[in-house]
Amino acid sequence: LLSLIVRMNGVLTVCVLGGLYAVPGWRSAIVALTGGFISCIMALALAKVFSLSGLPVLALPFVLACYLVFLGLSPNRGGNWLRFWLPEPTLPEQSLEQMRQASARGVDVTSVALRAPFSGTWQVWQGFFGEYTHKVPWQYALDFIQTSSGSSYKGLGSSVTDYHCYGKPILSPAYGRVVDLRYDVLDNAPGEVNTAENWGNYIIILLDCGLYVLLAHLQKDSVKVAVDSRVVPGQLLAFAGNSGRSPQPHLHMHVQEGILPGTRTVPFHLTGVIENSHDFTNYTLRSCPKERALITAPNRNAALKKALHLNVGNHLQFEVAKTNHKTASATFSVTMDLAGHYALESKSGARVSFCTTDDVVAFYDRTGPDDDVLDAVILSIGLTPLTEGSITWTDQVPRRLLPMPVATRVLSTIIKPFSTCEQSVYERKWDPILQIWTQIGKHTVSGLGPFNWTCLTEAHLCEATGLVKFKLIANGETTIEAALAAYGVPDDNEGPDITAAEPASA
């Protein structure tokens, strides 16, 4: 009986610590096994103590061991332990998939997501750990300038007005409340610095997460907000200047722990921006740009956002053709659960959650029975930026949604046990003839040498009716092809009352 109690407590501790509370990985496996060993030792010790009173030990060692590990490796210690524990306990295969996908999409508890504090294209003059002034404790900071033909100024650059970024609008990078500002510091002449008032004119915004954003070196008397005013992303705050410790007009931005200007900085990243370099032009939700990188704040496509916005009760009906040349109809409904999560659900009960922001439409958390048509929808538009222009971007898609051969699936699981997602590369272009956006996705299972596997998806997005066509191509053959047949909201009394899709859109 004592042996059974010891093993029970050890197994429970390992399963709960490593399987429900921690992000799956080699580190969580080591912590879980260590916790299990501690639980076994406690079970032996407590059994001896409790034997004097005749009380059973039961699961007390398991509870004590778990609490001991939670306290010893608390997220309050910061650093990598912030990433170690899950926000909510869940099954390991689900948590690993969710964490990897969320991190690729710019959601990370160890880094603050900020929008670009400007419009147009700016260049990173000094990045994280910059060689000039971005040293500890201000190592997590970005300096931005504007350039034309490789130069940050026109003419001789002898006046601040010669610099391309001088006087350009500075926008709020996040939701928050203005807690401190200054606007009376004179702008320096190019090449001069004001070391007595390092930050020059600045604005400090208290974020909803409790941290602070500092925007510094602003133009004198250009601040357009007041202390205690609420700001939203994209709101005009001030204009770029050359005040404080600034030898030429530029914008300094960092996230800090305290309210006083210049307190210790913390990691952050830019979200919803386009990175332009010599090698690529890529839309990303997680950018920590290097020096000289060009960052563009893209214009949002309001028509595309409206077309892809799905309200509760909406129905989408597609005519589907598969490899066997059989045609069928697939209908998806938009639902919402008690937690307020929107989902696209098929008649079979297969569902995928989604959210729509000003920047993207993102699908996540696929649950329910098998449904290859719904999986094809997810692969086609799983992460869709709501921006203007032809763009490329990457995403992490769940490996289980890919229609790969069984041998490839087994091999990838063995070789990459802690990688439930694979990288997908998307490209979207405007088709002037059809008047639609064509979105191509390339989904690759890599790291398997000669057994690497790839499939393609193609989606047609209409700015009037949203997703009007999609197809999945595997092994060089179109396995699923679907076209929107009808869409709309069902009538409460008469059942579905959905409108036929416009022929031009289809």
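Student: How many helices and strands does the chain have?
Tutor: The chain has eight helices and 28 strands. Helices (H or I, at least four residues) and strands (E, at least two) are DSSP runs, numbered from the N terminus. This is a predicted model, where local features need pLDDT of at least 70, side-chain atom pairs count only at pLDDT 80 or more, and totals for chains, interfaces and linings use all residues. Residues are numbered from 1 along each chain as its sequence is written, and side-chain values use heavy atoms, with hydrogens and water left out.

Student: What box do the C-alpha atoms fill?
Tutor: Roughly 85 × 75 × 55 Å, taken along the principal axes.

Student: And how much of the chain is buried?
Tutor: Buried residues make up 48% of the 506 residues. Buried means under 20% relative accessible area, exposed over 50%, and partly exposed in between, with a 1.4 Å probe and protein chains only.

Student: Switching topic: how many salt bridges are there?
Tutor: A search of the whole structure finds 21 salt bridges. A salt bridge is a side-chain nitrogen of Lys or Arg within 4 Å of a carboxyl oxygen of Asp or Glu.

Student: Which residue pairs with R177?
Tutor: D228 does, and the closest N and O atoms are 2.9 Å apart. This pair links distant parts of the chain, 51 residues apart: R177 is in strand β5 (residues 176-182), and D228 is in the loop between β7 (212-218) and β8 (230-231).

Student: Is D228 buried or exposed?
Tutor: D228 counts as exposed because its relative accessibility is 54%. R177 has 34%, so R177 is partly exposed.

Student: What about D358, which residue is its partner?
Tutor: D358 forms a salt bridge with K305, with 2.6 Å between the closest N and O atoms. Those two also link distant parts of the chain, 53 residues apart, with D358 in the loop between β19 (351-356) and β20, and K305 in helix α6 (residues 302-308). D358 is partly exposed at 32%, and K305 is partly exposed at 29%.

Student: Which residues are in the network with those two?
Tutor: Salt bridges that share partners join R115, R300, K305, D358 and D359 into one network.

Student: Okay, cavities. How many are there of 30 Å³ or more?
Tutor: One. On a 1 Å grid over the protein atoms alone, a cavity is a set of points where a 1.4 Å probe fits but cannot get out, and lining residues have an atom within 4 Å of a point. The largest cavity holds about 40 Å³ of space; a volume is the space filled by probe spheres set on the points, which are joined across faces, edges and corners.

Student: Which element gives the most to the lining?
Tutor: β20 does, with four residues. Both α5 (92-104) and β20 (360-367) supply at least two residues each. Among the lining residues are E97, Q101, F363 and R366.

Student: Which residues make the nonpolar surface patch?
Tutor: L2, F37, I41 and L44 make a patch of about 390 Å². Patch residues have over 30% relative accessible area and no salt bridge, and nonpolar side chains (Val, Leu, Ile, Met, Phe, Trp, Tyr) are joined within 5 Å, while like charges are joined within 9 Å. Accessible areas come from the Shrake-Rupley method with a 1.4 Å probe.

Student: Where is F37?
Tutor: F37 is in helix α2, and the helix, residues 26-50, gives the largest share of the patch, three residues. With a relative accessible area of 56%, F37 is exposed.

Note on methods: On a 1 Å grid over the protein atoms alone, a cavity is a set of points where a 1.4 Å probe fits but cannot get out, and a pocket is an open set with protein on both sides within 12 Å along at least five of seven lines; lining residues have an atom within 4 Å of a point.
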